[in-house]
Amino acid sequence: MRDQEDATCISTGYTGDVYCKDCGELIEEGEVILATGEHTWDEGEIEKEATCTESGSILYACIHCSSTKRSDMEPTNHADKEIRNRKTATCKDAGYTGDVYCKTCGELLEKGVEIPALEAHIWNGGTVTKNPSATEKGIRTYICSVCGTVRTEDIPAIAASAADSFSAGGLTYHVLSNQTVEVTGMAKKGKTVRIPPTVTKNGITYKVVSIKQSAFKGNKKITKAIIGKNVETIGTRAFYGCRKLKTILIRSRKLRSAGAKAIKNIHKKATIQCPKKQYKKYQKIFNKKAGYQKSMKVRK
């Protein structure tokens, strides 16, 4: 096929002549194709940008001739909007939904409305700011997470007859009437006894001030005991017969006494390590009556 040409909007075309490829002889003549009369438009060029309220226009040109056409662009009608002056309502102050503005031209499109102040505070979980005792109520303090308002509520006093027992961290405790607890034994079996300075129950923090009599008596697994910094007394027979107990680490500087046979029949080469300033005092506390033997050692 030779001399083939497409018709355009204003020019005729030609279907093309058929020739033999081997000898070059014209086998069939082509035909003229009439002009289409239909333009082929380019992608167009913006003549006038549309605004929020006024139309714009786009000019298109035919790629084959000088013909042009114009097409309108619809107004944007404030399509790009934003909210200004929004305010969240709090427990004390009213809020505001905010005003709607057009981001393009800045026109105010819609006024907001007031949001009434919240009817109630949003309280946190509360913190015990004063522990109850046998004679005085405690205080739990709550803070509103929105406006910071503070409120308090009473925690009932703990009557001596209502003192209870509980377990925590592998040990068992008994609540005393003066907001302290004593260790009464082990809740879980283990080789190390770790007596903490404080323990918490129901949001109330208690000082661990004593080890009850016979608390660990006859325990055959304990090899080490760490005594917290608030312990003041070690009860009678507290560690009696703990034959594998070889290390006692005392962190308390408040220890006043160790009861009769408190460490009797523990490991015969046991070491009792204590704070440097309490060394001489604790040498006297861990005496023969408490179960101390010459083969044991009290160290700083």
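View 1. Ile195 touches Leu171, Val183, Val208, Ile211, Ile226, Ile227, Gly228 and Val231, leaving out residues up to four places away in sequence; contact means heavy atoms within 4.5 Å. The model is predicted: local features need pLDDT of at least 70, side-chain atom pairs count only at pLDDT 80 or more, and totals for chains, interfaces and linings use all residues. Residues are numbered from 1 along each chain as its sequence is written, and side-chain values use heavy atoms, with hydrogens and water left out. The largest nonpolar core has 42 residues, of which Ile195, Ile211, Phe216, Ile234, Phe239, Ile266 and Phe286 touch the most other members. Elements that give two or more residues to this core include strand 19 (192-195), strand 21 (204-211) and helix 1 (279-285). Strand 21 gives the most, with four residues. Such a core is a set of buried Ala, Val, Leu, Ile, Met, Phe, Trp, Tyr and Cys residues joined through side-chain atoms within 4.5 Å. Helices (H or I, at least four residues) and strands (E, at least two) are DSSP runs, numbered from the N terminus.

**View 2. Stacked pair of Phe216 and Phe239.** A search of the whole structure finds three aromatic pairs, defined by ring centres of Phe, Tyr and Trp (its six-membered ring) within 6.5 Å, with planes under 30 degrees apart counted as stacked, over 60 as edge-to-face and the rest as tilted. The ring centres of Phe216 and Phe239 are 5.1 Å apart and the planes are at 15 degrees, so this pair is stacked. Because Phe216 lies in the loop between strand 21 and strand 22 and Phe239 in the loop between strand 23 (233-234) and strand 24, the pair ties together parts 23 residues apart in sequence. Phe216 is buried at 2% relative accessibility, and Phe239 has a relative accessible area of 1%; buried means under 20%, exposed over 50% and partly exposed in between (1.4 Å probe, protein chains only).

**View 3. Aromatic cluster of Phe166, Tyr173 and Tyr206.** These three residues form one cluster.

View 4. Arg140 belongs to strand 14 (residues 138-143) and is buried, with a relative accessible area of 18%. Beyond four places in sequence, its contacts include Val128, Glu153 and Asn202.
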